[in-house]
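Hi,

Here is the structure I promised to pass on. Have a look at it first, and then read my notes below.

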Amino acid sequence: MQVMRDFFLYLSKNKMMTKMAKKYGLRFGASRFVAGESIEQAVEVIKNLNRQGLCVTIDYLGEFIDNEAEAKKMVDHCIEAIQAIGGEQLDAQLSLKATSMGLDLSEGIVLNNMMRILKSAEEHHVFVTIDMEDYTRCHQTLTLFKKLRAKHQHIGTVLQAYLYRSKNDIEELNLYKPNLRLVKGAYKESSEVAFPKKSDVDANFKRIIKTHLLNGNYTAIATHDDAIIDYTKQLVKEYRIENDQFEFQMLYGIRHERQVELVNEGYKMRVYVPYGTDWYGYFMRRLAERPANVAFILKGIMKKG
Ligand SMILES: Cc1cc2nc3c(=O)[nH]c(=O)nc-3n(C[C@H](O)[C@H](O)[C@H](O)COP(=O)(O)OP(=O)(O)OC[C@H]3O[C@@H](n4cnc5c(N)ncnc54)[C@H](O)[C@@H]3O)c2cc1C
């Protein structure tokens, strides 16, 4: 299982495979996890989810940005998404990756790009979350977040339970009273920076959920894991935390019935909806997470064949 996870994570970073995937379009079952290649297709998916009581965070997929012009294109796509959310009055937010805004290029570029996005986000009342990428970008991403949060309300970010540093980060960030998404963590990290054992990741996940909620902050618990969801339900009951201080989040295409069930139980549930032509790395990470996803995709291909 670990070998398979490593294999798909390796493929997710392969530039040649990314190019091939772009060329051949949304084939091989990726459309189960990706809402199309254009904003128009994504809007239809969001409307459908909204009708079922699910809110959304939308993500224009893009990886390996290595120049300013590419970053600018990503910004334009994000603004297009914000305008679509505002124009169509969708119950949706925006998620983005700091590297696709130019984090690896220069601090000035990424800051300017984020300011452009936040200006549009404020105009259209759209909340923006900076996703968390691999460990080498964690510190820079949090620094960027703090700078932006000092001036803007509509911005949040993500902490990963597998990182040792997250329990300190969550306390430090409390100063900003941030709206944070908490996740287990999706990248391959060394045991120098991340818990290697799943049970330790889960224990740390529970710890940071509790800390953030009891600090009085809005908390998005992003997981498909019923044990974590049940833990959160118990915790909010015990500490009488209102349902409007937290939400659950899951990925588009994963556990849809469970998502609807949670809405029917009276919880807020947000679905992370990725779209765009650069879907390949995202798709590979989903396959790395769960062998059952691979089986599902293979079955789909066999049927088509
Ligand atoms: C909305 C959202 C945003 C995210 N943003 C980020 C981010 O910014 N940075 C980052 O590093 N990671 C992010 N992630 C990914 C996250 O870090 C995990 O890699 C991913 O969510 C898998 O972990 P899990 O908590 O769902 O539990 P896992 O440990 O993968 O799964 C636990 C259990 O959940 C159940 N389960 C999982 N998948 C299924 C399924 N398909 N069908 C049925 N049961 C299932 C099973 O019971 C499984 O044993 C995000 C995840 C979500 C949901």
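This is a predicted model: local features need pLDDT of at least 70, side-chain atom pairs count only at pLDDT 80 or more; totals for chains, interfaces and linings use all residues.

Residues are numbered from 1 along each chain as its sequence is written, and side-chain values use heavy atoms, leaving out hydrogens and water.

Back to Asp 131: you'll find this residue in the loop between β3 (128-130) and α6 (138-149). Helices (H or I, at least four residues) and strands (E, at least two) are DSSP runs, numbered from the N terminus. Leaving aside neighbours within four places in sequence, Asp 131 has contacts (heavy atoms within 4.5 Å) that include Ser 95, Lys 97, Arg 181 and Tyr 272.

Now the cysteines. Cys 78 is buried at 1% relative accessibility, and Cys 138 is buried with a relative accessible area of 1%. How many disulfides are there? The count is 0, where a disulfide is a pair of cysteine sulfur atoms within 2.5 Å.

Last, the helix pair α8 (residues 198-214) and α9 (residues 226-238). Phe 205, Ile 209 and Leu 213 are among the α8 residues that meet α9, whose side of the meeting includes Ile 228, Tyr 231 and Leu 235.

Cheers

Definitions and conventions:
Buried means under 20% relative accessible area, exposed over 50%, partly exposed in between (1.4 Å probe, protein chains only).
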